[in-house]
Amino acid sequence: MNKLKGQILTIQSTQHLSLLEIGIEDDILHLLLLEKPIESVCSDVVLVFKESEVMLSKEPLISTANTCKARIHKIEYGEILTYVTLLYKDEQIAALIPTASFEPLNCKLNEEVYWIINPSEISLRREHRGK
């Protein structure tokens with residue numbers, strides 16, 4: 001599971017849906033929640049998302065809300081899936097990509113690429129404290 005620390009910049013809510021802008025240094029990620037958040041603007045948060053939800057591209061995708069630049073740190077080729085570790089702002093992001101989709105990208109170690117995650121695939125990690 002990927003984890004990134006950020007801060008809520010804006011919250012736009014309707015009755016059952018919220019769109020949050022999360023600042024991670026100079027990048028902004030959008031997060032879609034099926035609820036009104038208990039957090040408020042300026043709250044520090046931890047974003048979590050699955051490795052299998054991360055897409056890669058050599059060019060930025062303008063049509064999606066969450067496209068960020070990173071450097072390839074490690075590539076582990078598998079027959080069916082390839083596990084790619086990216087360095088993003090001193091953090092590691094993992095991507096699990098079908099090998100048949102990854103190979104045509106012809107990515108190399110230390111190459112800069114763009115990682116993409118849909119706003120609906122990101123969750124807020126919340127600490128549950130029981131008595």
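Which residues is Thr 85 in contact with, leaving aside its neighbours within four places in sequence? In this predicted model, those residues are Arg 71, Ile 72, His 73, Lys 74, Gln 92 and Ile 93.

**Thr 85 and its setting**
- Thr 85 belongs to strand 7, which covers residues 81-88, and with a relative accessible area of 8% Thr 85 counts as buried, because buried means under 20%.
- From Thr 85 to Asp 27 the separation is 58 residues in sequence, while the C-alpha to C-alpha separation in space is 19 Å.

**The largest nonpolar core**
- The largest nonpolar core contains 30 residues, and the residues with the most contacts inside this core are Leu 47, Leu 56, Leu 86 and Trp 115.
- At least two residues of this core come from each of strand 1 (2-13), strand 2 (18-24), strand 3 (27-33), strand 4 (44-49), strand 6 (67-76), strand 7, strand 8 (91-98) and strand 9 (112-116).
- Strand 6 gives the most to this core, its contribution being four residues.

**A nonpolar surface patch**
- Leu 17, Leu 32 and Leu 34 together make a nonpolar surface patch of about 290 Å².

**Ser 57 in strand 5**
- Ser 57 is part of strand 5, residues 55-57, and counts as buried at 13% relative accessibility.
- A polar atom of the Ser 57 side chain lies 2.6 Å from the backbone oxygen of Glu 59.
- Not counting residues up to four places away in sequence, Ser 57 touches Val 113, Tyr 114 and Ile 116.

- Glu 25, although not a glycine, has a positive phi of about 55°; Glu 25 is found in the loop between strand 2 and strand 3, where it is exposed, with a relative accessible area of 64%.
- Asn 110, likewise not a glycine, has a positive phi of about 70°; Asn 110 is found in the loop between helix 1 (99-102) and strand 9, and its relative accessible area of 52% makes Asn 110 exposed, because exposed means over 50%.

How values were computed. Residues numbered from 1 in each chain as written. Predicted model: local features only at pLDDT ≥ 70, side-chain atom pairs only at ≥ 80, totals over all residues. Heavy atoms only, no water. Buried < 20%, exposed > 50% of the residue type's maximum accessible area, 1.4 Å probe, protein only. Contact = heavy atoms within 4.5 Å. Core = buried A, V, L, I, M, F, W, Y, C linked by side-chain atoms within 4.5 Å. Patch = residues over 30% accessible without salt bridge, like charges linked within 9 Å, V, L, I, M, F, W, Y side chains within 5 Å. Areas by Shrake-Rupley, 256 points an atom, 1.4 Å probe, with all protein chains shown as cover. Salt bridge = Lys/Arg side-chain N within 4 Å of Asp/Glu carboxyl O. Polar contact = N/O pair within 3.5 Å; in protein donor to acceptor, adjacent residues only side chain to side chain.
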